[in-house]
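Biologist: I've got the sequence and the fold open side by side. Could you walk me through them?

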Amino acid sequence: MNNRLKNPGVWMPLALALALVGGMWIGKTFFNNYHGWDSRSKLDTILELINKNYVDEIDTDSILEVSFPEIISHLDPHSVYIPASDLQSVNEELEGSFSGIGISFNMLGDTINVLEVISGGPSEKVGILPGDRIITINDSLVAGQKWTNSKVMSNLRGPKGSTVRLGIKRPTAKELLPYDVKRDDIPVTSIDASYFIDDEVGYIKINKFGATTYSEFLTSMVTLMADGAKRFIIDLRGNGGGFMDHAVLMANEFLPSGSPIVAIKGKNRSRDNATMSDGSGSFKDKELVVLLDEISASASEIFAGAMQDNDRGLIIGRRSFGKGLVQNQLELPDSSALRLTIARYYTPSGRCIQKTYAPGVDYERELLNRFEHGELYNADSIKQDKSLEFTTLHGRTVYGGGGITPDIFVPNDSTGITSYYINVINAGLIPKYTFEYTDANRANLSKSKDGHELLTMLPDDDTLLQNFVNYAQKNGVAPRWYYINLSRDLLVNSLKAMIARNIHGVQGYYEVMNDSDPTVLAALEALNSGKSAFPITDSNVNKDNE
């Protein structure tokens, strides 16, 4: 025998190679169906085995249909699979109108979670709140019953004027709260309010970025300017976003030519782009304050980020949600759809403000964590990632990695929230009382031209409060004057605002509530003291502290 073959260093690699080739041949010969084995082949094989061998007849398509949402959920928190049965209703929120109870919701842990109560809709009128859980519908238990979105919507929606009875679980209430909601047409508009908040300041409240947002915004701005508005407050608190292009169009109205607005970067580099202003904007010389809170997300953050990074507008409020992912909705041949994250967007300074969704991070709990850590009440509790430090056009420091931090922080206002106030809110007594009061006095109140004029027609504060306390007592909430006095201003302002809304719509509500809103008052102070003058600088923002 050749002595070289006795050397393992020579024959061992040869033996391994022969074994590998032999194994490949055997596999190809005896397991030809598994050639090119990968996860896709594995899925096909499993479905085929089920189809051929499972004891009962089963529709494998239905297995896949219920699996798609779980598969997509492992990508990121904002990519979703939309079944064909849900697609129309999902699109209606931004594009059309429908008859229903006026909420948006998701299913989490087999429970219907109210995400948003649509302004002016039936649910808002009876006192349903974001964060409520719907446990029963028409006295039938729905929590834990594995209802699909389509089944929930088919039970919540119905003919205009019909009533649905809901059992609501709220963290501040031990028992289920019953609400009877009369279905109505749900308008899908973007502007809740547009009015003069003082002699030269226009206020615009935008609740979402939908198909008509830019045109509604432009109309509001032009109307206010024609009547003499020189400075503006754009309120994006509670605005969870929507169509990104409308935020870009709005930003373009305020920026000089050649200013960066937003950049998009994804895996498919052919889709990457950076949008710049074209100089055609009509409001380039108008002072601007943008209001944000922890619910402001996506398109709201694109607009606010463009204003902040270009030092064009002053941001006031609390740190925004932190959604920097771009979705594209792709309709599939069976009329289902995939809303897939295709890119990240970047503000003009280069920051991505998407908060982390890394494995092990409870993305859904992040807002609650902010509350528990005191961030909603103290700016010093905001945790910034110093490794994600960026610079605005004129040298101010901003941070990426988790929302847009305001230039001026305004804490969440908890003044007046007592156990008595919580009890009357949970019982839905403020909307109930104000509807009854409005109906009894509608002929006179309807003569008012706006919310502020309506206030002159209401009884004095002591009388209004006493009448409400008497009403609450008749409806099961005993008066406790120590707590009532602590909640006095909040109760009175809420009653007035709700009466104004019943006569003048959502705008009437804001006309009254904004008079005592700390964030709005901070915005007015900033506008009137020169803090919002372009360009925004650290010295402007901090001039009171110098």
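Biologist: How many helices and strands are there in the protein?

Modeller: Keep in mind that this is a predicted model, where local features need pLDDT of at least 70, side-chain atom pairs count only at pLDDT 80 or more, and totals for chains, interfaces and linings use all residues. Residues are numbered from 1 along each chain as its sequence is written, and side-chain values use heavy atoms, with hydrogens and water left out. Helices (H or I, at least four residues) and strands (E, at least two) are DSSP runs, numbered from the N terminus. The protein has 18 helices and 21 strands.

Biologist: What percentage of the residues count as buried?

Modeller: Buried means under 20% relative accessible area, exposed is over 50%, and partly exposed is in between, using a 1.4 Å probe and protein chains only. The C-alpha atoms fill a box of roughly 115 × 60 × 40 Å along the principal axes. Out of 546 residues, the buried share is 44%.

Biologist: Which residues touch the most other members of the largest nonpolar core?

Modeller: A nonpolar core here is a set of buried Ala, Val, Leu, Ile, Met, Phe, Trp, Tyr and Cys residues joined through side-chain atoms within 4.5 Å. In soluble globular proteins, nonpolar side chains tend to be buried together. The largest core has 37 residues, and those touching the most other members are Phe 217, Phe 254, Val 290, Phe 303 and Met 307.

Biologist: Which element gives the most residues to this core?

Modeller: Elements that give two or more residues include strand 11, helix 7, strand 12 and helix 8. Strand 13 (260-266), strand 15 (287-292) and strand 18 (337-346) are also among them. The biggest giver, with 6 residues, is helix 9.

Biologist: And Phe 254, which residues is it in contact with, leaving aside neighbours within four places in sequence?

Modeller: Contact means heavy atoms within 4.5 Å. Phe 254 reaches Lys 284 and Arg 312, as well as Phe 283 and Leu 288.

Biologist: At what angle do helix 7 and helix 8 pack?

Modeller: Two packed helices are described by the angle between their axes and the distance between the axes. Axes are lines fitted to C-alpha atoms, for helices over the stretch in contact, and angles run from 0 to 180 degrees between N-to-C directions. Thr 213, Tyr 214 and Phe 217 in helix 7 meet His 246, Leu 249 and Met 250 in helix 8. The axes of helix 7 (residues 213-226) and helix 8 (residues 244-252) are 9 Å apart, at about 25 degrees.

Biologist: Which residue stands opposite Val 289?

Modeller: Strand 15 and strand 16 run parallel, joined by 4 bridges. In strand 16 (residues 314-317), Leu 314 and Ile 316 point one way and Ile 315 and Gly 317 the other, and all are buried. The residue opposite Val 289 is Leu 314.

Biologist: How far apart are the C-alpha atoms of Arg 165 and Ile 137?

Modeller: Arg 165 lies in strand 7 (residues 163-169), and at 33% relative accessibility counts as partly exposed. Among the residues Arg 165 touches are Ile 137, Asn 138 and Tyr 179. Arg 165 and Ile 137 are 28 residues apart along the chain, yet their C-alpha atoms are separated by 5.8 Å.

Biologist: What is the phi of Asn 138?

Modeller: Most residues other than glycine have a negative phi, and most peptide bonds are trans. Asn 138 sits in the loop between strand 5 and strand 6 (140-141). Although Asn 138 is not a glycine, its phi is positive, at about 50 degrees.

Biologist: Which two residues does a cis peptide bond join?

Modeller: Look in the loop between helix 17 (518-528) and helix 18 (538-541), where Pro 535 lies. Omega is about -5 degrees for the cis bond, which joins Phe 534 and Pro 535.

Technical notes
Two strands pair if DSSP finds at least two bridges between them.
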